[in-house]
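Hello,

Here is the structure we talked about. Please open it alongside this note, and my findings follow below.

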Amino acid sequence: MAAERRVVVSAAVRTHGPGEGGAPPGTRAAGPDAPGADPPDPDPLHTGPPRTDAPDAPGAARCPGPAETRALIRTQLRTALGTGAAVVAVLAGLPLPALVPAVARARVHGVPLCWLVLVFCVHPVWIALAFRQLRRAERAERAVGGR
């Protein structure tokens, strides 16, 4: 298991003297130590979990831990593989009607039956599989988020 590596980047604030384009003489430069200045951000790259004032407040965001994240990835991978298997099964079944000579020659109002099967049978299956995939992935994310 790889350890998490955290990199902190800091920037030095340089104040220029009066002759170097800084603050006019008699005024104080507003640096990090100036009164009224905001304190420096302890996490400038925002690499940690989001901070909230009241973590136990209703509706407060909660970051999942590594175990929960792995479980979410496994759940979504399982859902994606199931959807992929259904897509492959539909694709593998597409040429089957054309292998039967009577079906291959059949026409409805001059349109080959195989084309009608593609339009009215396969495309609704694609749409249903897409909605199922989306719904299951969102359900898994909500389960991890605790909502």
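**Surface patch and its surroundings**

Helix α4, residues 113–145, gives the most to the nonpolar patch, with 4 residues. Please keep in mind that this is a predicted model.

The patch itself is a nonpolar stretch of surface of about 610 Å². L91, L94, W115, L118, V119 and F120 make it. W115 sits in helix α4. Its relative accessible area is 57%. The cut-off for exposed is over 50%, so W115 counts as exposed.

**L113**

Now to L113, which also belongs to helix α4. Is L113 exposed or partly exposed? Its relative accessibility is 28%, so L113 counts as partly exposed, the class between under 20% and over 50%.

Which residues does L113 touch, leaving out those up to four places away in sequence? They are V103, A106, R107 and V108. A98 is also worth a look: 15 residues separate L113 and A98 along the chain, and their C-alpha atoms are 9.2 Å apart.

**H109**

Where does H109 lie? It is in the loop between β1 (107–108) and β2 (111–112). R107 and V108, both touched by L113, are the residues of β1. The phi angle of H109 is near 55°. That is a positive value in a residue other than glycine. H109 has 82% relative accessibility, so it counts as exposed, with the cut-off at over 50%.

Please check these spots in your viewer.

Best wishes

Methods:
Residues numbered from 1 in each chain as written. Predicted model: local features only at pLDDT ≥ 70, side-chain atom pairs only at ≥ 80, totals over all residues. Heavy atoms only, no water. Patch = residues over 30% accessible without salt bridge, like charges linked within 9 Å, V, L, I, M, F, W, Y side chains within 5 Å. Areas by Shrake-Rupley, 256 points an atom, 1.4 Å probe, with all protein chains shown as cover. Salt bridge = Lys/Arg side-chain N within 4 Å of Asp/Glu carboxyl O. Helix = DSSP H or I, 4+ residues; strand = E, 2+ residues; numbered from the N terminus. Buried < 20%, exposed > 50% of the residue type's maximum accessible area, 1.4 Å probe, protein only. Contact = heavy atoms within 4.5 Å.
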